[in-house]
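Dear colleague,

Please find the structure below, together with its sequence. A summary of what was found follows it.

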Amino acid sequence: MIHHVVAWTLREDVDRDASIARVRELLTGLVGTVTSIRSLEVVENVAYPDKNSDLAVVATFDDLAGLDAYQVHPDHQAAAGEIRGLVSGRAAIDWES
């Protein structure tokens with residue numbers, strides 16, 4: 001199982017609630033479209049806003065091939081492009097268990 005986490009810091013000039021809702025809509029909309037997704041959740045930070053990212057996606061895939069398929073899927077590419085316009089920072093980690 002591959003676990004994929006990406007955390008973002010939103011730009012200061014965007015509406016936080018609306019941006020989080022849009023990211024959630026974009027990414028959860030990929031479930032069922034990108035068949036390699038086993039689970040996907042968009043989570044919002046609730047503590048230490050001066051130090052933590054604003055939101056993250058937590059997803060799982062059967063294997064690296066599934067993660068790769070997600071990364072290059074045209075619908076994911078479109079979502080990622082829109083998300084890049086809302087954020088000022090990004091951090092990611094992928095691990096196997």
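**Leu40 and its surroundings**

Leu40 touches Leu27, Thr28, Val31, Val57, Val58, Ala59 and Tyr70, not counting residues up to four places away in sequence; contact here means heavy atoms within 4.5 Å. Please note that this is a predicted model, in which local features need pLDDT of at least 70 and side-chain atom pairs count only at pLDDT 80 or more, while totals for chains, interfaces and linings use all residues. Residues are numbered from 1 along each chain as its sequence is written, and side-chain values use heavy atoms, with hydrogens and water left out.

Leu40 is found in strand 2. Helices (H or I, at least four residues) and strands (E, at least two) are DSSP runs, numbered from the N terminus. With a relative accessibility of 15%, Leu40 counts as buried. Buried means under 20% relative accessible area, exposed over 50%, and partly exposed in between, with a 1.4 Å probe and protein chains only. Leu40 and Thr28 are 12 residues apart in sequence, and their C-alpha atoms are 6.7 Å apart in space.

Ser39 is also placed in strand 2. Ser39 counts as partly exposed, at 34% relative accessibility. Beyond four places in sequence, Ser39 touches Val58, Ala59 and Thr60. Ser39 and Ala18 are 21 residues apart along the chain, with 23 Å between their C-alpha atoms.

**The nonpolar core and the aromatic pair**

A nonpolar core is a set of buried Ala, Val, Leu, Ile, Met, Phe, Trp, Tyr and Cys residues joined through side-chain atoms within 4.5 Å. The largest one has 24 residues, of which Trp8, Val23, Leu27, Leu40 and Tyr70 touch the most other members. Two or more residues of this core come from each of strand 1 (2–10), helix 1 (16–28), strand 2 (37–44), strand 3 (55–61), helix 2 (64–72) and helix 3 (74–84).

Rings of Phe, Tyr and Trp (its six-membered ring) pair if their centres lie within 6.5 Å; planes under 30 degrees apart count as stacked, over 60 as edge-to-face and the rest as tilted. By this rule there is one aromatic pair. The ring centres of Phe61 and Tyr70 are 5.1 Å apart and the ring planes stand at 45 degrees, so the pair is tilted. Phe61 and Tyr70 are both buried.

**How the helices pack**

Two packed helices are described by the angle between their axes and the distance between the axes. Axes are lines fitted to C-alpha atoms, for helices over the stretch in contact, and angles run from 0 to 180 degrees between N-to-C directions. Angles under 35 degrees count as roughly parallel, over 145 as roughly antiparallel, 65 to 115 as roughly perpendicular and the rest as oblique.

Helix 1 and helix 3 pack with their axes 9 Å apart, at an angle of about 170 degrees. Helix 1 is therefore roughly antiparallel to helix 3. Arg22, Val23, Leu26 and Leu27 of helix 1 make this contact with Ala79, Glu82 and Ile83 of helix 3. By class, the contact of helix 1 with helix 3 has five nonpolar, no polar and two charged residues. In this classification Ala, Val, Leu, Ile, Met, Phe, Trp, Tyr, Cys and Pro count as nonpolar, Asp, Glu, Lys and Arg as charged, and the others, Gly among them, as polar.

The axes of helix 2 and helix 3 cross at roughly 60 degrees and come within 5 Å. These two helices, helix 2 and helix 3, are therefore oblique to each other. Here Tyr70, Gln71 and Val72 in helix 2 meet Pro74, His76 and Gln77 in helix 3. The contact of helix 2 with helix 3 has three nonpolar, three polar and no charged residues.

**Residues in the loops**

Thr33 lies in the loop between helix 1 and strand 2 and, at 38% relative accessibility, counts as partly exposed. Beyond four places in sequence, Thr33 touches His73 and Asp75.

Asp62 is in the loop between strand 3 and helix 2. With a relative accessible area of 42%, Asp62 is partly exposed. Apart from neighbours within four places in sequence, Asp62 is in contact with Met1, Ile2, Ser36 and Arg38.

Tyr48 is placed in the loop between strand 2 and strand 3. Tyr48 is exposed, with a relative accessible area of 57%. Although Tyr48 is not a glycine, it has a positive phi of about 50 degrees.

With kind regards
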